Amino acid sequence: MMGLIGFDEGMIRAEVERRGFITMNEPAVGAGALIYGAMNALKRYGFNPTKQFLVIAGDIDERCVLMCYIQCSLYGLPAIIRHQNSLTGEVFGTPWITPVFNFDGWIWRYRRMFRPLSDDSEPAEEVVPKIEEEETALKVDESGQFCLF
């Protein structure tokens, strides 16, 4: 039921036409019950979750991370599962990446997510920000204290 509530068929179709897949970010994944509900909703709408559904998940409990990794791997979902504190953004160790993500070319789709799309839905050239050089030396006043301004 939660998968059907969270995913509107029209929204999914529009995103799959635009990018070729949809993503789900689950910051407190547990064993992944919401992911499997979303996967079942996608199947009900006629999509192939192995080819059109990318999961990015994390949890603060390492056991939950491992449970979700095993479940996503067995269901054949492309997923990146991190042991993380979602409130502080702290990540512990390396992420767990499912076999489907590794073997089905998802790394290239994942990298394309961070490039802006042009009007014709083709990936635009990567924009490399120009870093302006600035003075990095610390300033010290007469009393020996560091100055911020």
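**Group meeting: a sheet and a helix**

Start with the sheet: strands β2 (residues 53-59) and β3 (residues 79-85) run parallel and are joined by 5 bridges. Strands here are DSSP runs of E, at least two residues, and helices are runs of H or I, at least four, numbered from the N terminus. Two strands pair if DSSP finds at least two bridges between them.

A word on the model. It is predicted, so local features need pLDDT of at least 70 and side-chain atom pairs pLDDT 80 or more, while totals for chains, interfaces and linings use all residues. Residues are numbered from 1 along each chain as its sequence is written, and side-chain values use heavy atoms, without hydrogens or water.

Back to the sheet. It is open, with 4 strands in the order β1-β2-β3-β4 and mixed pairing. β1 (22-26) and β4 (90-97) each have a single partner strand, so one side of each is left without a neighbour in the sheet.

Now helix α3. This helix covers residues 33-45, 13 residues in total. Its C-alpha span, first to last, is 19 Å, close to the 18 Å expected, taken as 1.5 Å times one less than the number of residues. Just after α3, Gly 46 has a positive phi of about 95°.

Which residues of α3 are buried? They are Ile 35, Tyr 36, Ala 38, Met 39, Ala 41, Leu 42 and Tyr 45. Buried means under 20% relative accessible area, exposed over 50%, partly exposed in between (1.4 Å probe, protein chains only). Leu 34 also lies in α3. At 42% relative accessibility, Leu 34 counts as partly exposed.
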